[in-house]
Amino acid sequence: MISVKGLYHSYTKNENFAVRDVNFEVGQGEIVGFVGKNGAGKSTTIRAMVNMLFPTKGSININGLNAISDAKKIKGFLGYMSSDCALYDNVTSMELFRFCVGFSNVDLLKAVELAKYFELDTNKKISALSLGNRKKVSIIQVLLKDSKVLILDEPTSGLDPLMQSKFFELILKKKKEGAAVFLSSHNLSEIERYCDKVIIIKDGVIVDRIDMKSTKIKKKQIVSYTTAEGIEESYEYDGDINELVTKLSNIKLQTLEIKSKNIEDDFIKYYEEEGDNA
Amino acid sequence: MRDLDTKNVIRLTSFNIKTNKKQIIGWSVAIFSIMFLYMILFPYMKDLAQAKFDSMPEEMLELFGVKNLSSMGNFISYFGMIYNIILVAMSIFAATFASNLLFKEEKNKTIEFLYSLKVSRGEIYLSKLITAFLGVLAVTLSAVLSTLICGLINGGETFVMFDFVQIVKISSFTAFFFMAVATSMAGISSKVSTAALGSGVVLVCYMLGFLGSLLQDKALWLKYLSPFEIFSPTNALVFDTKVVVSLGIYMLLFIALLTVGGIVYKKRDFNI
């Protein structure tokens with residue numbers, strides 16, 4: 001449903017690219033996470049996908065339509081939420097929803113229901129809302145229309161854990177209905193929990209792709225122990241767990257910790273390498 | 001034009017007006033009050049103004065755009081002098097208001113919300129232009145209404161409706177011209193504050209007209225670069241071939257600026 005091919009973008013006229021040769025696809029009924037530190041190129045990629053920025057090179061297609069020439073048509077079935085949640089301060093959220101439904105032929109009642117679900121007071125002016133509540137307004141605005149594609153830039157930052165959970169309930173429902181969801185986040189545990197695939201971007205280049213269904217991560221264990229002599233050891237292990245236990249039983253231990261390797265470890269790895277190289 | 005949906009443009013324009021109504025109302029009230037204050041005092045000011053009018057050199061009269069007006073004891077002449085000054089304020093409003101409509105969407109990043117809706121860049125640009133036009137029109141009408149009330153109260157026989165309408169029609173074009181300049185600039189780029197730049201253009205044009213009036217023999221051509229001079233109340237009343245041709249040229253420039261602004265806006269990155 002989403003296809004990004006050879007995407008380059010430069011904010012200047014020279015070839016100082018913010019993103020380089022970015023390629024990925026997001027299929028129907030799939031949630032793909034987009035991870036990278038601040039300034040890595042996540043928002044640039046996302047903004048190019050929704051025609052806020054024009055690719056310097058490359059192509060972006062959504063449901064077979066060109067993201068530039070068919071931008072308006074695409075927005076008929078695409079929901080986009082920016083990371084900043086910048087909204088108009090001098091209107092109420094209900095006035096904002098009323099404005100939005102005018103473009104998508106949706107019943108305003110849906111906005112009322114979503115506001116109730118997210119516990120949002122729609123009569124307050126946007127300027128009087130906290131960051132979390134502004135986030136809720138943006139989420140409701142995105143979920144209002146019947147989107148087949150959702151592009152979400154840090155959708156849960158600023159939301160409390162209960163609201164994050166409620167938000168993902170709806171996203172998973174959208175997924176079941178066949179929507180393609182592409183979301184960026186710094187919350188790696190939610191990425192690990194809800195995403196089918198994860199793309200890691202660093203300095204504008206995709207450096208890793210992780211299929212969460214595969215055993216690539218899940219099988220790996222991080223083994224850390226201290227021997228009776230006080231020697232500390234730590235290593236990754238992806239072999240048979242019984243062999244590991246046998247191996248460890250031959251060592252006199254003071255402490256032992258075995259934990260499953262998660263995406264956070266994979267993610268941080270790239271930044272540690274960057275630090276080492278610097 | 002295929003990406004322009006009239007309903008979308010109307011919805012966007014209504015929303016723009018809603019989110020900017022304080023600014024429009026504030027400026028309209030301010031201009032109404034200033035004009036009312038000056039025009040209601042006409043019976044008391046006319047002698048003073050006439051004395052000033054008589055004592056001023058021709059260059060100064062031209063500078064105020066009232067050289068060919070008969071006398072300051074005349075309501076229309078007095079209005080012409082005041083309106084030519086008020087037009088500077090109205091033009092600054094036109095430039096800042098029009099450019100901020102586009103510039104602030106990107107500066108405040110609200111464009112990410114607005115452009116996530118099923119709208120085209122062309123619809124956003126056109127709605128901003130219509131909003132700017134309506135804002136400048138509201139401020140102009142507030143000046144007109146204020147003068148009309150005062151004219152009916154104390155204008156007497158010297159309040160000639162035809163002349164009044166002629167000045168309003170021609171001289172007010174100046175504010176709308178600067179609205180077009182600012183809209184075009186904001187459409188082309190939002191990397192610098194186009195509101196400040198637009199106000200700068202207004203003041204530069206005013207100064208060019210000023211210099212053109214002062215340096216009549218040496219640099220008369222400077223006057224033609226200033227809408228304040230070309231469409232001054234004096235020229236509005238004279239309305240000779242020179243003014244008609246200038247109006248035609250400025251109208252073409254008006255359309256060209258807005259077209260270029262719209263074309264670039266559709267093809268450039270948003271500055272977010």
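Chain A and its contact side

Author: In chain A, residues 24 or more positions apart account for 69% of the contacts with a separation of 6 or more, two residues being in contact if their C-beta atoms, placed from the backbone, lie within 7 Å. This is a predicted model, in which local features need pLDDT of at least 70 and side-chain atom pairs count only at pLDDT 80 or more, whereas totals for chains, interfaces and linings use all residues. Residues are numbered from 1 along each chain as its sequence is written, while chains are lettered from A and ligands numbered from 1 in the order in which they are written.

Chain A holds nine helices and 13 strands, where helices (H or I, at least four residues) and strands (E, at least two) are DSSP runs numbered from the N terminus. Taken along the principal axes, the box filled by its C-alpha atoms is roughly 70 × 45 × 35 Å. Of the 278 residues in chain A, 38% are buried, that is, have 20 or more other C-beta atoms, placed from the backbone, within 10 Å of their own.

Turning to the partner, chain A brings 21 residues to the contact and chain B brings 20 residues. On the side of chain A that touches chain B, helix 3 (residues 93-104) of chain A gives the most, with five residues. Sorted by class, that side of chain A has twelve nonpolar, five polar and four charged residues, with Ala, Val, Leu, Ile, Met, Phe, Trp, Tyr, Cys and Pro counted as nonpolar, Asp, Glu, Lys and Arg as charged, and the others, Gly among them, as polar.

Key: Buried ≥ 20, exposed ≤ 12 C-beta atoms within 10 Å, placed from the backbone.
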